[in-house]
Amino acid sequence: MRTTVACTVSVLLALGTTTAAAAADDGVRAQAPAASGAGASDVQVTELDLDGVSDAVLAELPTTDQVPMAESDEAGSAAPDAAAPDATAPEASPQPGASPAPSPSATAGAEAPDAAAREAAPADEVRPDPDVLTTELDTDAFSVVGVTWDRTPGLEDVVVRYRVKIDGAWTDWQGVESSDVAPDTDSQDDDGTGARDGTDPIVAVGADGVQIWAEAGAGEVTGLKAVLVDPGADPTDVGATVRTASASGTAAASDDAAASGTIRTAASVQAAVAAPAAPAAPAAPAIISRAGWGADESLRTCSPDYSNSLVSAAVHHTASANGYSADAVPGLLRGFYAYHTRPEAAGGRGWCDIGYNFLVDQFGRVFEGRAGGIESTVIGVHTGGFNSRTIGIAAIGEYGSVAPSAALLESLSRLIAWKFSVHGISASGVATMTSGGGASKYPAGTVVTFPTIYAHRDAQLTSCPGQGLYDALPAIRARVAQLSDASVAASPRGRVEAYAGSSAGVRVTGWASDPETTAPLTIAVSVDGAVQTIVADRNRPDVGRHGFDATVGAAHGSHVVCVTAVNVGGGRSTVLGCQWVTVTNPIPIGALESVSTTASAITVSGWALDPDTTEPIAVHVYVDGVGRAVTADLPRPDVGAAFGKGSAHGFAVTIPATGGSHSVCVYAINTPAGANATLGCRTVAVGAPPVGSLEAVTATASSVTVSGWALDPDTSDSIQVHVYVDGTGTAVRADRNRPDVAGFGRGTAHGYSVTLPAAAGTRTVCAYAMNVPSGPATALGCRTVTVTNAVPVGSLEAITTTASSVTVSGWALDPDTNDPIQVHVYVDGKGTAVRADRNRPDVAGFGRGTAHGFSVTLPAGFGTHSVCVYAINTPAGANTTLGCRTVSVGSAPVGSFEAVTRTASAVTVTGWALDADTRDPIAVHVYVGDRGTAAVADRQRPDVAGFGLGTAHGFQVTVPATGASGPVCVYAINTPGGPPTSLGCR
């Protein structure tokens, strides 16, 4: 049965993409969690979740005894004889590369034994029974692979067999056992680990495919993950070496500097205090730094841990192929580093850093491993139960069946010799240590004695460092002894018995002596790389005058402290130990004795001192979170007498503050640094609030009058009162004389009265006394009042007309005022304003006086007109309609067309016409056809005297008839204007 193996990517550092090609499937699953993590380098990590067994692949598997193991269990694990080996250099072994990586087979897959071969197989052959078996998975390129699985009860003897594809061809199957390396219990590396087990990192340079077969001797392998690491490109300064303190004289002042391997112990102090030494101490080998192999320091998740001393070196191999090139090694280390630091849940080991302290390749090059300083006592993760006090050194490669190269053995020997000379360890001796348990084959608490140079297999259930390297250990011990034992014998020895932080710094206690002198030794104490010296001259019954117990200055906080006995004569200075020390600076003491206020300020007083000094210290005063620094240097003899630190420790400070409630907190500041002391917090009120009264609110038709009194106890001056009418404010000064409030002791000028305009209706009036100089105002009260605006009253008494005008008269007044008001008169919609201020004694009964009459004459044309009159509200509001009338202006002319006579040359018309609007004769227009002639009706006609307009209203008009024809029509013309009257046509 075939299936597709789906494989997504989890990438550590730079994000990338890896896919797995289609592969055979009988229920085999390869899954990966989502991408996570990014850093500064281009290392890429692909995480595969593997599950199930491919039946098709199972049928083709070799028997388990046909698959070579990277570490053979036949190597044995007994500790070698601790007697001093022959001090000769190790014999030459095969040259680098003599044992290449598993060679690609002639076919892409391992050929399954035929049936005959199976029948002929020995009776005790072990057939495969995998818990997980994948198909051939195509991947992106990788150089290092690690495999991990769940740690479950009853699971034992897990073996991972694997093949990789290189240059298009699949290698033969190779097997690796479970790594028994574990961090020390309760170490930083131990945090977040312990739920999974795994292999050591496997080297597969140039691979782009993998196939995994996992099988347990007991129990079932679950949660299998394969982590494939592409180490990316080398750094630009690849191969850069560490400068040791003894060689460079430089120092590192922090953990960041320690990561570069330059934490200074004090070896360089020897040059200043000692004569030329003999025998000479072995020189430090060239050590390629972490930066030199491209370590991304962002992958480290904690600061280094340190042993109080180092007593031994554990030799390992990486159980990986030997066919790597020199150029590939920095990338392999980046792969190891990525696998070691990747979280357990993501398929890695979950450690803080790479596990080994140092690594050596088959070409004899030495690489700095775990950060923290190559001359210090950094604790790694390499030998479970014995990580502390042991230098963990790994030979890169697999040395189970292959002898290590001469270059590797010589560099390994020189590295150990140099480290032994730094820490005063004899290669010919033994080390007694107590097991920390964990992965060790010795239960926790077991006291074990090892040679000072021992193999990984001596401490744990493993075949590491492989039989080939294990067999070389006697020669390595001899070579190290040859290089360093004489120097160690001539070098100082001693012990740091205690490290402690105090208020003054770091206290170190112990002893040190030099076999070549009875004089007290100089002890160099490095605190984060800064060296201070003390002298081991205290008399002790056990060691004589070689004890030391001294304190060196250090700031508050945690520090890496290394103690070195400075050499005199032959040998070299000895690093006695390193440790993290926390300096706790005692907090200051003091008292917040008083917090007082005025109208505009807060005064804080008390005392404060720091037990570490007699000098005045800083006090920080915070008002509502805003700080002010003050020095507590005022005389306080009572404090001096009580604490013996002098008397200049009082403080008093006045800080401006607005009126109202404030939070005040005071802190004594630690010297020179550390936790500060809270002397206290108080809540205080600045300034007394104003007092007063809203005594009256009255309304008129157009205004509101507010009155009362207000004062601020903080001042005798008059204060402001804010009066709000429906939310609109007006400021008024409360400065009117009020003898009745003199009892407050602030004078009498505190009354107020203000009249504010207000429209008719219900109004809300509020008054506030304003705080001086600032602070919350005092509400004097709120009232609701009704502003009532009465409508005007009046009468339109008469409208008379003439031939050309309209006269309007009457009276009007507004009950809200005695003043005359306006009256608006509209004639045909055109208004005229007139003041109703004529004397009208008859309207005196309204109680508003008599000046309320009006009379106005307005021009008007002949005809009918609409006249309306309005009394206007004061000062505003609804107006009153006094009335509307329709009137006629002017009367039409009257008359008679009495006779018309015609001759051949003329037409004579007679009659009479008059206009009732005037006694004057009016015009008459005579039309013969369409030819008109104007005449005046001014002849005597006594017969029309009855109209009362006189008698001069007759007309006789003769008009030429030449050219005229048609009827004769006569019109009486209106005066002074208006339509004429037709007297008739003949």
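Predicted model: local features only at pLDDT ≥ 70, side-chain atom pairs only at ≥ 80, totals over all residues.

Analyst: **A helix pair up close**

Helix α8 (residues 406–423) and helix α11 (residues 473–490) have axes that come within 8 Å and cross at roughly 30°. Axes here are lines fitted to C-alpha atoms over the stretch in contact, with angles from 0 to 180 degrees between N-to-C directions; helices are DSSP runs of H or I with at least four residues, strands are E runs of at least two, and both are numbered from the N terminus. The angle makes α8 roughly parallel to α11 (under 35 degrees; over 145 is roughly antiparallel, 65 to 115 roughly perpendicular, the rest oblique). The crossing is right-handed, that is, the near helix is turned clockwise from the far one by less than a right angle.

On the α8 side, the contact (heavy atoms within 4.5 Å) includes L409, L412, I416 and F420. From α11 come I476, V480, L483 and V488, among others. By class, the contact residues are 9 nonpolar, 4 polar and 3 charged (Ala, Val, Leu, Ile, Met, Phe, Trp, Tyr, Cys and Pro are nonpolar; Asp, Glu, Lys and Arg charged; the others, Gly among them, polar).

Residues are numbered from 1 along each chain as its sequence is written, and side-chain values use heavy atoms, without hydrogens and water. The chain's mean pLDDT (the predictor's confidence in each residue, from 0 to 100) is 84, with 86% of residues reaching 70 or more. Over residues 72–123, pLDDT is below 50.
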